Amino acid sequence: MRTVVVGSGAGGLTTASTIRRYNRDMEIVVITREKYVAYSPCAIPYVIAGEIPSFQDIVMHTPEYYRENKNIEIVTESTVVDVDAEKRNVIYYDKEGNKKVLKYDYLVIATGGETFIPPIEGRNLEGVFKVKTIEDGMKIKEYAQSSKSATVVGAGAIGLEMAYGLRKLGLNVNVVEMAPQVLPRALDIDMGEIVLRYLKTLNIGVILGKPVNKILGDENNRVKGVVVGNKSYSCDMVVMATGVRPNIELAKRAGCEIGRWAIKVNSRMETSIPNIYAVGDCVETVDFITRQPTLSPFGSTAVRQGKVAGRNIAGIPAYFKPVLNAMVSKIGDMEIGSTGISELRAHQNRLDVITGKAKGLTRARYYPGGKPIYVKLIFDMDRTLIGCQIVGGERVAERIDAMSLGILKGVTCEELVNMEFSYAPPVSTVVDPIALAAEDAWDKFLELN
Ligand SMILES: Cc1cc2nc3c(=O)[nH]c(=O)nc-3n(C[C@H](O)[C@H](O)[C@H](O)COP(=O)(O)OP(=O)(O)OC[C@H]3O[C@@H](n4cnc5c(N)ncnc54)[C@H](O)[C@@H]3O)c2cc1C
């Protein structure tokens, strides 16, 4: 029996390793366009910032490691161009350009996503970069060494992480975002304001509510600026952090059903075609709160989906559950996290909500080194937690994870008010800011009665 996996990102390699964990005999072949495999794209901004010394540090394993330790064959720099689902063949071009046909018993489509680059004039100039692969990161860092200023297009987590990285390298940085706030997918505007104020302290410029209309080039076709609204801003380079679109071409060629956003899969990660699975950024999943199809373009999701697909292929039943799209990011000294639905998105989905907010400290007031932390909780009218956003100096991720579990288990406002939080002065406060935010919401619920 042979499993062919297309794509060597988090989704593809996790599927391959999970199959091997439970099945010693399956032949496993991973085919990927990339030269480097098993690296962390999530770490690229932190290499740019110099917080991780080199790009080599974020490559966790080589193809040789997989061959020798896991008996998994990785075919690099090769592109799968077609799938014949009836004959169970994949057709690919290897790195020498030879056309090859490989039979599969199981196929896993883990083709990830592509950076969406809006059709802006000047997008092909020298000095315009996307940020997706490790090679993109290397090119950006090299170009930045001889640049003085940069524009980052998009104020999502990747855009802000990149802006911080380039600022730390000494460049003057502007971020341009079409939405009226930073982190529009993760945060409400009130929580985004806290991040915005912090970016100003880092001398990162932020232009909100306007798109980049044009990228300007000099006589050598190198970037010299951008036009936003009717104003131009000079810069030496542009980084497009304008979102990711699922890479679904191969799945379409195989005849897999495509849903509203991406490849449609069931909870076992099976596509509509027998023996073809799909995982990661190329699939759509179900939103836990709205129960609607959604994208979940996170490494954390790709890994969990890969484990589910791998177990099922190895004959161990496993199911992927609806997502909260929990995220966390760190920009400078600020940690930002969210899970579940935002107040804005709740309104867009015609859901009435009550919110509670609190500002607290990460350590007892008298204990040195404590940092501010801001919490926003979102409850439905049954007083059940459906969303949480936290911005603060430390321990944001742990709190977000606790709130994710709370949402999944249907925790109520009252339960959070009375929740038993651990306390010691160097690591927490006697009343956790989450309990304070829940109290704020609780008071609003009382007023309604
Ligand atoms: C800068 C950056 C920062 C990020 N930070 C975070 C973070 O902090 N936390 C988090 O959870 N997520 C983060 N992400 C997102 C995360 O990296 C992705 O969600 C994750 O990599 C998706 O994994 P995947 O396996 O689905 O796809 P990918 O990692 O995109 O892998 C897809 C693979 O398929 C290959 N491929 C595609 N088509 C073909 C073909 N036809 N033939 C052969 N090979 C093909 C591609 O070359 C690629 O190797 C970040 C992403 C970036 C770019």
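Ile158 is buried, as 25 other C-beta atoms lie within 10 Å of its own. A residue is termed buried here if 20 or more other C-beta atoms lie within 10 Å of its own, exposed if 12 or fewer, and partly exposed in between, with C-beta atoms placed from the backbone. The model is predicted, and local features therefore need pLDDT of at least 70 and side-chain atom pairs count only at pLDDT 80 or more, whereas totals for chains, interfaces and linings use all residues. Residues are numbered from 1 along each chain as its sequence is written.

Ile158 belongs to helix α5; helices (H or I, at least four residues) and strands (E, at least two) are DSSP runs, numbered from the N terminus. Apart from neighbours within four places in sequence, Ile158 is in contact with Pro45, Val131 and Ala241, a contact being defined by C-beta atoms, placed from the backbone, that lie within 7 Å. Asp136 is 22 residues away from Ile158 along the chain, and the C-alpha atoms of the two are separated by 13 Å.

The domain assignment divides the chain into domain 1 (2-114 + 245-313), domain 2 (117-242) and domain 3 (333-448), with bounds that come from an automatic or database domain assignment. Between domain 2 and domain 3, the C-alpha centres are 31 Å apart. Eight residues from domain 2 and 10 residues from domain 3 take part in the contact. On the side of domain 2 that touches domain 3, seven residues are nonpolar, one is charged and none is polar. In this classification Ala, Val, Leu, Ile, Met, Phe, Trp, Tyr, Cys and Pro count as nonpolar, Asp, Glu, Lys and Arg as charged, and the others, Gly among them, as polar.

The feature "domain: FAD/NAD(P)-binding" is placed by UniProt, in an unreviewed entry, at residues 2-290. UniProt positions are given in the numbering used here, feature names are shortened, and annotations may be inferred rather than shown by experiment. The span of residues 2-290 is 24% helix and 29% strand, and its end C-alpha atoms lie 38 Å apart. The unreviewed UniProt entry also carries the annotation "domain: Pyridine nucleotide-disulphide oxidoreductase dimerisation", which covers residues 332-430. Residues 332-430 are 24% helix and 33% strand, with 27 Å between the end C-alpha atoms.

The ligand is surrounded by 33 residues, of which Gly7, Gly9, Gly11, Gly112 and Gly280 are the closest; a residue is assigned to this shell if its C-beta atom, placed from the backbone, lies within 6 Å of the molecule. By class, the shell comprises 15 nonpolar, 14 polar and four charged residues. At least two shell residues are supplied by each of α1 (10-22), α2 (44-48), β4 (79-84) and α8 (299-313). Domain 1 and domain 2 each contribute at least three residues to the shell around the ligand.

The largest nonpolar core contains 127 residues, and the members that touch the most others are Val6, Val108, Ile109, Val238, Val239, Ile263 and Ala278. Such a core is a set of buried Ala, Val, Leu, Ile, Met, Phe, Trp, Tyr and Cys residues joined through C-beta atoms within 7 Å. Helix α5 (residues 157-168) gives the most to this core, namely seven residues. Not counting residues up to four places away in sequence, Ala278 touches Ile109, Ala251, Cys256, Ile263, Val265, Met269, Thr271 and Val283.

Several loop positions were also examined. Ile341, in the loop between β22 (334-340) and α9 (343-348), counts as buried because 25 C-beta neighbours lie inside 10 Å. With neighbours within four places in sequence left aside, Ile341 is in contact with Ile289, Ala346, Ile378, Ile386 and Gly387. Asn325 occupies the loop between α8 and β21 (327-331) and is likewise buried, with 22 other C-beta atoms within 10 Å.

Positive phi values occur at two residues other than glycine, including Asn203, where phi is near 60°, and Arg383, where phi is near 70°. Asn203 lies in the loop between α6 (189-201) and β12 (204-208) and is exposed, since 9 other C-beta atoms are within 10 Å. Arg383 is found in the loop between β24 (372-380) and β25 (385-392); with 17 other C-beta atoms within 10 Å, Arg383 is partly exposed.

How values were computed: Two residues are in contact if their C-beta atoms, placed from the backbone, lie within 7 Å.
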